[in-house]
Amino acid sequence: MPIKGIESMIEVSKRLKNEFPDWEWHIYGNGDAAYVQKLQNEIDENDLGSFLKLMGGTNNIYECYRNCGLFVLSSHSEGFSMVLLEAKANRVPLISFDCPTGPRNIIRDGVDGYLVPCEDTDALHDKIFQCISDEELRRTLSENAYGNMDKFSRNEIIKSWMRYIGE
């Protein structure tokens with residue numbers, strides 16, 4: 001299974017499309033043309049084309065963050081996830097697979113987003129469903145998003161590196 005887990009989003013979208021037909025899911029980024037075509041074929045075969053859209057790359061991701069109600073990361077493996085940090089900085093509620101590294105360092109589970117067991121598409125669906133269904137919950141997660149951003153500031157990163165180098 002490819003690392004970004006787009007197949008998991010397609011699986012979850014099959015259910016969400018019927019439950020929330022007014023929502024649209026946009027997937028940004030570029031990849032191998034054959035793989036992108038495979039994903040598009042799967043989207044088309046499942047009649048998800050009006051609901052789940054492969055958007056390709058963008059030069060203005062911040063505009064995308066300003067126009068979204070949730071940010072979902074379906075990766076099965078991450079390093080330090082800049083996209084989660086960017087979404088969080090734009091006060092977008094986060095939902096992510098709790099893959100081995102990355103998301104747990106950024107998302108405060110139940111405070112500014114949710115971590116679900118890696119590759120558990122039922123749990124991913126349930127958290128997305130909960131957030132879409134409860135506008136007040138989305139608002140609270142959004143308001144809490146900036147709560148620990150100071151730990152990602154330049155000064156804090158420099159301090160961390162200085163402590164590490166000093167050891």
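Start by selecting Cys99 and Cys118: the sulfur of Cys99 has its closest cysteine sulfur in Cys118, 5.5 Å away, which is too far for a bond. A disulfide here means two cysteine sulfur atoms within 2.5 Å of each other, and by this rule the count is 0. Cys68 is in no disulfide either, since its nearest cysteine sulfur, in Cys64, lies 8.0 Å away.

A word on what you have open: this is a predicted model, where local features need pLDDT of at least 70, side-chain atom pairs count only at pLDDT 80 or more, and totals for chains, interfaces and linings use all residues. Residues are numbered from 1 along each chain as its sequence is written, and side-chain values use heavy atoms, with hydrogens and water left out.

Next, show the surface and keep both cysteines selected. Is Cys99 buried or exposed? Cys99 is buried, with a relative accessible area of 2%, while Cys68 is partly exposed at 28%. (Buried is under 20% relative accessible area, exposed is over 50%, and partly exposed is in between, with a 1.4 Å probe and protein chains only.) Buried residues make up 38% of the 167 residues in the protein.

Now switch to the cartoon view. You will find 8 helices and 5 strands, in the order α-β-α-β-α-β-α-β-α-β-α-α-α along the sequence. Both are DSSP runs numbered from the N terminus: helices are H or I with at least four residues, strands are E with at least two.

Finally, zoom out to the whole C-alpha trace, which spans about 55 × 40 × 30 Å along its principal axes.
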